[in-house]
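Visitor: I have a structure here and would like a guided look at it. Could you walk me through it?

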Amino acid sequence: MRHLFTILTIFLTVSVAHGQMKRANHWYFGYQAGIDFSTSIPKSDTSGKMETIEGSCSISDTEGNLLFYSNGENVWNKNNFIMPNGKGLFGNQSSSQSSIIVPTPSNNSIYYLFTTDANTYSTRYSKIDMSLNNGLGDVTSIKNILLYNSGTEELAGTMHCNAKDYWVVGRQNSQDTLTFYSYLVNPNGISDSIISKFRIVNSLKNSVGCLAFSQDGKTLCFSSFGTDIYIFNFNKETGQITFKDYVSHYTNEQVYANAISPDGKKLYITSWTPYGYSMLSQFDLSASNITASRLNIDSVDYRNGSPNGYGFIGQIRLAPDQKIYVCR
């Protein structure tokens, strides 16, 4: 069954480079499902051949034309064929954020595909050269290069303050410490990591979760099973992360994905409760007590299952049309 995305709401647009926005024109996800944002009204796109349980990524060129997509295990080109050397990536389609694609600044041919694994929990990258295979791209011999072990299923990216380079952030798993690795992608390649660490009160019980940047890249939100939601400031020049606030979750609630509104004022999460409901909730990030501002927007009763066996509200993501989409 193809995953269904429903529109949550509309917000004011903030300033983002037009070409970079077009790079997200095509989404592929779920079981051969997709959305095409290249028209004024987004439309369904079921031409993709990818099957994925959770994480996926897609990228277009600066004009909005599809280049390739991945579930963290394989890479498909724009014609929906697996690239040469595009099999056997060490990501995992059951990883919540299995993969993320980053273009190399000043080089329209070279891309880096970062992956996370849901078994060994390693975070790696591979290099893709779009000048090969008659412009359809190949995964090069620089493949499955280890960044760190004991990782998690979380990856997020944003632009450097110079509006040219990119930051990619992942988390390393540890019991009582939030450890984030920031990697700068510039014309020279991938930098050494910038490490930010935070002691937390409640232990981290699970590597499942999500990282999400605000659209301006200045705020980073972390959510994971078995812990509160943490909000950080992100320094777009240095890659350093500093603590800003946290949001308490319900007792035994498992928070999964999160997204921040384009104006940076609202936080949205999806979660699963122990009493059989999956929830979509909103928080006001400008409130003096963010936890108390919680508004539960929707819920799904999955105590008796559902037609596809999963009654969950899953991934939540901000789209190029400045709307937030929720996977049901």
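Visitor: Is T219 buried or exposed?

Guide: Happy to start there! This is a predicted model, where local features need pLDDT of at least 70, side-chain atom pairs count only at pLDDT 80 or more, and totals for chains, interfaces and linings use all residues. Residues are numbered from 1 along each chain as its sequence is written, and side-chain values use heavy atoms, with hydrogens and water left out. Buried means under 20% relative accessible area, exposed over 50% and partly exposed in between, with a 1.4 Å probe and protein chains only; T219 has 14%, so it is buried.

Visitor: In which strand is T219 found?

Guide: Strands are DSSP runs of E with at least two residues, and helices are runs of H or I with at least four, numbered from the N terminus. Contact means heavy atoms within 4.5 Å, and beyond its neighbours within four places in sequence T219 is in contact with residues including F213, F232 and I260. The strand that holds T219 covers residues 219-224 and is β19.

Visitor: Which residues have the most contacts inside the largest nonpolar core?

Guide: A nonpolar core is a set of buried Ala, Val, Leu, Ile, Met, Phe, Trp, Tyr and Cys residues joined through side-chain atoms within 4.5 Å. The largest one has 16 residues, and β14, β15, β18, β19 and β20 each give two or more residues to it. Inside the largest core, the residues with the most contacts are V169, L178, F180, F232 and I241.

Visitor: What is the order of the open sheet of 3 strands?

Guide: Two strands pair if DSSP finds at least two bridges between them. The order, with antiparallel pairing, is β5-β6-β7. The edge strands, each pairing on one side only, are β5 (57-60) and β7 (75-77).

Visitor: What radius of gyration does the chain have?

Guide: The radius of gyration is taken over C-alpha atoms, and the globule rule is 2.2 Å times the number of residues to the power 0.38. With 328 residues, a compact globule would have a value near 20 Å, so the chain agrees with the rule. Its C-alpha trace spans about 55 × 45 × 40 Å along the principal axes. The radius of gyration of the chain is 18 Å.

Visitor: How many helices and strands does the chain have?

Guide: Buried residues make up 55% of the 328 in the chain. Its secondary structure comes to 1 helix and 27 strands.
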